[in-house]
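Welcome, and please open the model in your viewer. We will take it a few selections at a time.

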Amino acid sequence: MIASLFGPLGLAILSAVPALAKDWEGQAYTWLYQFPMPIPPVKSPAMTITNPVTGGPIDYYEVYINHFQQQIYPNKGPADMVGYDGIAPGPTFLIEKGRESVVRFVNNATMATSVHLHGSYSRAPWDGWAEDVTTSGQFKDYYYPNSQSARFQWYHDHAIDHTAENAYFGQAGGYIIHDPAEDALNLPSGYGIYDIPLILSAKQYKSNGKLFSPASETDSLYGDVIHVNGQPWPFFNVQPRKYRLRFLDASISRTFRLYFQRSTGSTAKIPFQVIASDAGLLTGPVTTDNLYISMAERYEVVFDFSTFAGQNITLRNYEDVGQDDDYLHTDKVMRFVVSSTPVTDTSVVPTALATVDFPTPAGPTVDHHFEFERTNGEWRINDIGFADVANRVLANVPRGTVELWELENSSGGWSHPIHIHLVDFKVLSRQNGRGNTVYAYESQGLKDVVWLGPGETVKVEAHYAPWDGVYMFHCHNLIHEDHEMMAAFNVTKLLDLGYAETDFRDPMEGRWRAEAVTPAKFTPAAITEKVQFMANLQPYNNVDEVMEELDDYWATHKKRSVGPAKGDKVKARRMRIEGNRVNMM
């Protein structure tokens with residue numbers, strides 16, 4: 001798009017501004033900042049069961065995946081949705097660190113589902129392996145540890161070939177681990193009061209008010225209607241004080257570069273403090289006036305509204321981010337309406353926030369290089385797609401080791417947010433994009449997603465622990481993921497570790513698969529028996545002991561080899577877990 005301006009002599013001056021794909025891809029939405037932003041309700045456990053090994057509590061929840069309708073356009077019919085407990089976003093779990101949970105997801109919807117608790121080091125059978133689906137009329141019990149650092153996790157669909165469709169129609173929700181030790185920092189607190197989840201998404205609607213489906217998309221669906229907590233362009237009333245804002249980009253294809261701006265008067269960007277990323281608190285607050293956040297990333301910020309009493313503050317989005325398509329209002333996100341009534345605010349943002357458990361440096365050698373590319377119209381990692389069962393395990397990583405992975409986006413006009421399951425990683429370097437900069441809000445904490453902008457190569461370092469097993473890594477543009485930009489890695493068993501434990505390495509192990517819904521399986525007695533059976537196998541309660549065993553092991557052993565150089569392929573045929581590797585069949 002070319003804007004025509006006129007100079008002092010009346011001569012036309014042409015200036016380039018970012019081009020819009022068009023004003024609207026779907027049905028126009030004109031009610032910006034007219035409706036309040038909802039806060040997802042808190043999920044309560046159905047019962048609490050005693051862990052027969054530790055004597056501690058295990059909270060048991062039931063979540064029903066239901067069809068429902070939601071009014072999006074005031075003058076159109078309702079949109080058909082599918083969500084956890086029949087809402088979108090789903091209910092928020094508020095979990096105390098160290099308190100285990102079992103969540104029974106019951107599929108009352110039409111399409112198959114698989115649930116991934118994103119940010120959790122869940123054992124492989126409960127991690128949401130894409131082929132481990134729950135079909136209509138079935139349920140699956142997912143066992144979660146909740147013992148990592150306090151963090152904003154989220155749960156979402158991960159079903160093979162239609163994750164994008166399920167997530168887009170509503171299957172996503174927040175899962176917050178709270179550590180009482182964090183309370184001593186005196187950050188803004190109180191879920192839904194001064195501690196606010198902001199779950200971003202971008203969608204497209206048809207003329208009748210129903211969602212346009214991504215089912216036939218093979219590239220991206222950027223969306224021309226921006227939502228926060230399920231409401232397009234909402235407003236939110238705030239007091240003139242500090243707020244903790246927990247951002248999650250739950251879009252299936254859109255990346256944001258966020259900034260705050262007065263709604264009238266000065267157009268200057270207003271600084272704020274980033275305090276946490278995917279894996280929890282940063283070492284200290286990072287002051288910035290803009291923030292990149294791509295699909296599946298989480299960032300938490302503290303914004304101080306105290307100097308804006310009686311004003312409106314708009315949360316905005318840059319244009320031309322990562323070559324995403326821009327539309328008439330995709331440069332806007334939501335509006336904060338600041339009360340003019342003074343309040344007392346005792347919350348603070350300390351200069352030191354947390355001691356982050358960064359992985360011990362692995363050295364300069366790249367263990368694995370992964371190229372995220374489009375080949376002959378297909379999305380691939382090292383020229384392999386997830387449907388290529390014979391070759392999709394691209395790395396065997398010895399349990400307890402630290403590895404350096406190099407992630408390259410060579411697909412030209414697209415960006416790829418890369419998620420590695422199981423681990424938290426440190427972002428070390430970026431090349432060929434954004435000034436070759438690793439932003440302080442990326443480097444001062446640990447992450448599980450890193451955004452590869454067009455042409456970028458990023459190095460990340462992770463400690464592959466505490467568990468062994470087969471896990472996925474993939475692009476979190478969910479259309480790319482559904483069209484094969486997903487692979488697996490195997491954290492290999494140490495045969496001479498000398499530590500006795502139950503084997504949970506196989507994500508498709510039969511005894512943990514989905515079951516048919518019957519009344520007999522939902523009685524308190526049956527639920528208690530099932531949960532205690534799971535707990536008796538001790539999947540999580542010994543994590544500190546496991547980490548000590550791994551540290552002792554690697555203190556006296558040397559890692560035998562490094563992975564392939566750029567362009568090499570790790571070959572593994574049909575997956576079968578035997579001994580310490582994913583063996584070929």
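Start by selecting strand E7 (residues 100-107) together with E9: the two run antiparallel and are joined over six bridges. Keep in mind as you look that this is a predicted model.

Next, select helix H5, residues 543-555. Its 13 residues, at 1.5 Å a residue, should span 18 Å, and the C-alpha atoms at its ends are 18 Å apart, so the two agree. Colour Val543, Val546, Leu550, Tyr553 and Trp554, the buried residues of H5. Looking down the axis of H5, you will find these buried residues within an arc of 85 degrees, so they line one face of the helix. Turned away from that buried side are the exposed residues Asp544, Glu548, Asp552 and Ala555. Strand E27 (393-398) is part of what covers the buried residues of H5.

For the last stop, go to the largest nonpolar core, which has 74 residues; Trp405, Phe473 and Phe489 touch the most other members. A second, separate core has 61 residues, including Ala202, Ile252, Ile270 and Ile293. Finish on phenylalanine 489: beyond its neighbours within four places in sequence, its contacts include Val393, Ala395, Trp405, Ile420, Leu422, Tyr464 and Phe473.

Note on methods
Residues numbered from 1 in each chain as written. Predicted model: local features only at pLDDT ≥ 70, side-chain atom pairs only at ≥ 80, totals over all residues. Heavy atoms only, no water. Core = buried A, V, L, I, M, F, W, Y, C linked by side-chain atoms within 4.5 Å. Buried < 20%, exposed > 50% of the residue type's maximum accessible area, 1.4 Å probe, protein only. Contact = heavy atoms within 4.5 Å. Helix = DSSP H or I, 4+ residues; strand = E, 2+ residues; numbered from the N terminus. Expected span 1.5 Å × (residues − 1). Arc of directions from axis to C-beta. Pairing = 2+ DSSP bridges.
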